Amino acid sequence: MLSCENIFIFNWVNNYKQQVEHLRETFEHESLKNRVRVFNNLTCDELYEEMDRLTKVSFDLFPYVMVVVLENKSPRGRFICTKDSYHILLDMELLTLFKTNKTLAGKPRVFIVQKLQDYRCYGDTESEDENGNLPPTVEERRKHIDLKKEFKEITKNKRLYEGLQYLIAANEETPNFQSSPFIRIFCKQFLENSTSKSMGEIYSLIVKEIKENYCRYSIDIQLQTNKTSEDSGILDKVIDSDEMRDFL
C-alpha cells in the first residue's frame, strides 16, 4: 500500500496546536509540497498500531521521510511519555522502527525531536514525571519490551535498511512552552533553505539564530548524522500532488 504522507508529527505536548499547525503549514507549503499526518497524544498501544502500519506501507512516491516528535512529560531525555503514562524509548520504540521499512532503503530520513521540560518541576534524571511516577531506566524498559507481544509483532523478521539520516534534537528547560522559539526558527530555516542546503547547514543556521537573538533561552540543540562527503545532504523535491494522484 502506498503512503499518502511523508512527514509524521507525533505530539505529546498539550495546548501545542499552534506550533503543530506552524509545522504542518511549513512542510505543506506550495514550494515544498510535502504531505503531513499529525498524531496527537497517542497511547502506547495506539503508537504501536501506527508504527506497525508505517513499517509496512510503501514510501515509493516520496524522496525522503521526516518524523517530528514533540514531548514534555518525561524528565528523561531518551524517553517519551505516552497519553496513558507509559515511558517508552524514543529511539527503540519509535525512530528506529522507520528504519525497518524496506522502501526507505537508500532514502534520507530526518528526525526532529523537541523535548520540553519545566525546570521548576524537573530537577535531575531521577525526577518523577508529572504524575508522580519515577520513569524506568533504559535497561528496565528494554527488558519490558522484550516481553511485549505487540512490539515483537512489529519487529518480527525485520532488518534495518540504511540511508542518509539526520537527527536534530532540541532539549529545552522552560516554564512557558509557548514562548520557545525553536519551532518558529526551524520552520523559517527549513522553508527558506531545505531545497538548497543540507540539513546540517540548516542546523547551523538554527543554532546561529538562537545564539544571536534568543540567548536567554536554555536550549541545547544537537545534531547527529551519518552523512558522508559523497552525500549532498540536500532533500529532493516532492512530486506535485497532481502527479501523485495518478499513482494513488
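Modeller: The model is a predicted one, and the structure holds 9 salt bridges. One of them joins E71 to K115, with the closest N and O atoms 2.7 Å apart. This pair links distant parts of the chain, since E71 belongs to strand β3 (residues 65–71) and K115 to strand β6, 44 residues apart. E71 is buried because its relative accessible area is 0%, which lies under 20%. K115 likewise counts as buried, at 2% relative accessibility.

A further salt bridge connects D52 with K56, where the closest N and O atoms are 3.3 Å apart. Here D52 is partly exposed at 23% relative accessibility, whereas K56 is exposed, with a relative accessible area of 57%. In the salt bridge between E150 and K148, the closest N and O atoms are 3.8 Å apart. E150 is partly exposed at 38%, while K148 is buried at 15%.

As for the surroundings, the largest nonpolar core has 41 residues, and F27, F182, F186, F190, M199 and I221 have the most contacts inside it. A second, separate core of 33 residues includes L54, L97, V113 and I145.

Strand β6 (109–117) also supplies at least two residues to the lining of the largest pocket. About 470 Å³ of space lies in that pocket. Its lining comprises 22 residues, of which R78, L90, D91, L167 and Q224 are the closest to the centre. By type, the lining divides into 9 nonpolar, 7 polar and 6 charged residues.

Notes:
Residues are numbered from 1 along each chain as its sequence is written. This is a predicted model: local features need pLDDT of at least 70, side-chain atom pairs count only at pLDDT 80 or more; totals for chains, interfaces and linings use all residues. Side-chain values use heavy atoms; hydrogens and water are left out. A nonpolar core is a set of buried Ala, Val, Leu, Ile, Met, Phe, Trp, Tyr and Cys residues joined through side-chain atoms within 4.5 Å. Buried means under 20% relative accessible area, exposed over 50%, partly exposed in between (1.4 Å probe, protein chains only). On a 1 Å grid over the protein atoms alone, a cavity is a set of points where a 1.4 Å probe fits but cannot get out, and a pocket is an open set with protein on both sides within 12 Å along at least five of seven lines; lining residues have an atom within 4 Å of a point. Grid points are joined across faces, edges and corners, and a volume is the space filled by probe spheres set on the points. Helices (H or I, at least four residues) and strands (E, at least two) are DSSP runs, numbered from the N terminus. Ala, Val, Leu, Ile, Met, Phe, Trp, Tyr, Cys and Pro count as nonpolar, Asp, Glu, Lys and Arg as charged, and the others, Gly among them, as polar. A salt bridge is a side-chain nitrogen of Lys or Arg within 4 Å of a carboxyl oxygen of Asp or Glu.
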